[in-house]
Amino acid sequence: MDLQLLLTPRNSNYDESNSKLKKGPAYHLDLFVVGIINGFLSLYGLPWMHGVLPHSPPSMSAAWQTLKNELSKDIIVKVRETRVTGIASHILIGLSIFLLPYPMAYIPTAVLDGLFLYMAITSLNGNQMFERITLLFMEQAAYPPNHYIRRCPQRKIHTFTMCQVFQLAIMCFFGFSPWSYVKMVFPVIIFLLLPFRHKIVPCLVDGKYLEALDGEHQ
């Protein structure tokens, strides 16, 4: 995987299409393995696992080599690819089972909720869907020069965003429903997102615009 970034600023106003970042096949292999494991867990009613570990911002920034430009902004000139952090984190997560029920039981639930809330808020920075939601409340002259903004009309961007917000609302309703029989439909809702994306969304947004809005940095 080529992770050599050429003059890639950290601010959200940078056009990410200039980066030389290429996604290798290992990403798809990881998701394939996670899908098989989730299928096995579903047979026994066990909770699903996910393919992303929310690393802390200091851990991510430690892999960056940055410089200061004339505007005193950080410029990423190199990213060191490492899997040691991910392996070590998962090993520690596995070892935490030996801390049950004590001393883990002494950790207040509010502390864990605050930690997860902090990680969720910090992960919003750089999320394309969140950035497009903020465009709904922003003047067009203040839009960042992202690749999809230059290639797509404003109306198509908002239409695609509202489709994703609608899907998110449906998933939240079935995922956080207080009725157990409604939660049982959640895996079916996840499966129905595929035909919704490939059959319904193209009727609202042209294919040439979907190529840019799907997150491919071209």
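This is a predicted model: local features need pLDDT of at least 70, side-chain atom pairs count only at pLDDT 80 or more; totals for chains, interfaces and linings use all residues.
The chain contains 10 helices and three strands. Along the sequence these elements follow the order β-α-α-β-β-α-α-α-α-α-α-α-α. Of the 218 residues in the chain, 22% are buried. When contacts between residues at least 6 apart in sequence are considered, 51% of them join residues at least 24 apart.

The UniProt record, an unreviewed entry, assigns the feature "transmembrane region" to residues 26-46, 106-124 and 157-176. In the model, the span 106-124 is 74% helix and 0% strand, and a distance of 30 Å separates its end C-alpha atoms. The span 157-176 is 95% helix and 0% strand, with its end C-alpha atoms 28 Å apart.

Two packing arrangements involving helix α7 were examined. The geometry of such pairs is described by the angle between the axes and the distance between them. Helix α7 covers residues 154-175 and helix α9 covers residues 186-204. Their axes come within 11 Å and cross at roughly 165°. An angle over 145° counts as roughly antiparallel, and α7 and α9 are therefore roughly antiparallel to each other. The crossing of this pair is right-handed. On the α7 side, the contact is formed by Lys 156, Thr 159, Phe 160, Cys 163, Phe 166, Gln 167, Ile 170, Met 171, Phe 174 and Gly 175. These residues meet Phe 186, Ile 189, Ile 190, Leu 193, Phe 196, Val 201 and Leu 204 of α9. By class, the residues of the contact between α7 and α9 comprise 13 nonpolar, three polar and one charged.

Helix α7 also packs with helix α5, which covers residues 128-135. Here the axes are 10 Å apart and the angle is about 120°. The pair α5 and α7 is therefore classed as oblique, and the crossing is left-handed. From α5, the residues in the contact are Met 129, Arg 132, Ile 133 and Leu 135. From α7, they are Ile 157, His 158, Phe 160, Thr 161, Gln 164, Val 165 and Leu 168. This contact of α5 with α7 has seven nonpolar, three polar and one charged residues. Phe 160 of α7 is listed in the contact with α9 and in the contact with α5.

Two cis peptide bonds were identified in the model. Most peptide bonds are trans. One of the cis bonds joins Leu 100 and Pro 101, with omega about -5°. Another cis bond runs from Tyr 102 to Pro 103, where omega is near 5°. Pro 101 lies in the loop between α3 (84-95) and α4 (109-122). Pro 103 is likewise found in the loop between α3 and α4.

A further local feature concerns Asn 38, which lies in helix α1 (residues 26-43). The relative accessible area of Asn 38 is 12%. Buried means under 20% relative accessible area, so Asn 38 is buried. With its neighbours within four places in sequence left aside, Asn 38 is in contact with Trp 48 and Met 49.

Technical notes. Residues are numbered from 1 along each chain as its sequence is written. Side-chain values use heavy atoms; hydrogens and water are left out. Axes are lines fitted to C-alpha atoms, for helices over the stretch in contact, and angles run from 0 to 180 degrees between N-to-C directions. Helices (H or I, at least four residues) and strands (E, at least two) are DSSP runs, numbered from the N terminus. Angles under 35 degrees count as roughly parallel, over 145 as roughly antiparallel, 65 to 115 as roughly perpendicular and the rest as oblique. A crossing is left-handed if the near helix is turned anticlockwise from the far one by less than a right angle, and right-handed if clockwise. Contact means heavy atoms within 4.5 Å. Ala, Val, Leu, Ile, Met, Phe, Trp, Tyr, Cys and Pro count as nonpolar, Asp, Glu, Lys and Arg as charged, and the others, Gly among them, as polar. UniProt positions are given in the numbering used here, feature names are shortened, and annotations may be inferred rather than shown by experiment. Buried means under 20% relative accessible area, exposed over 50%, partly exposed in between (1.4 Å probe, protein chains only).
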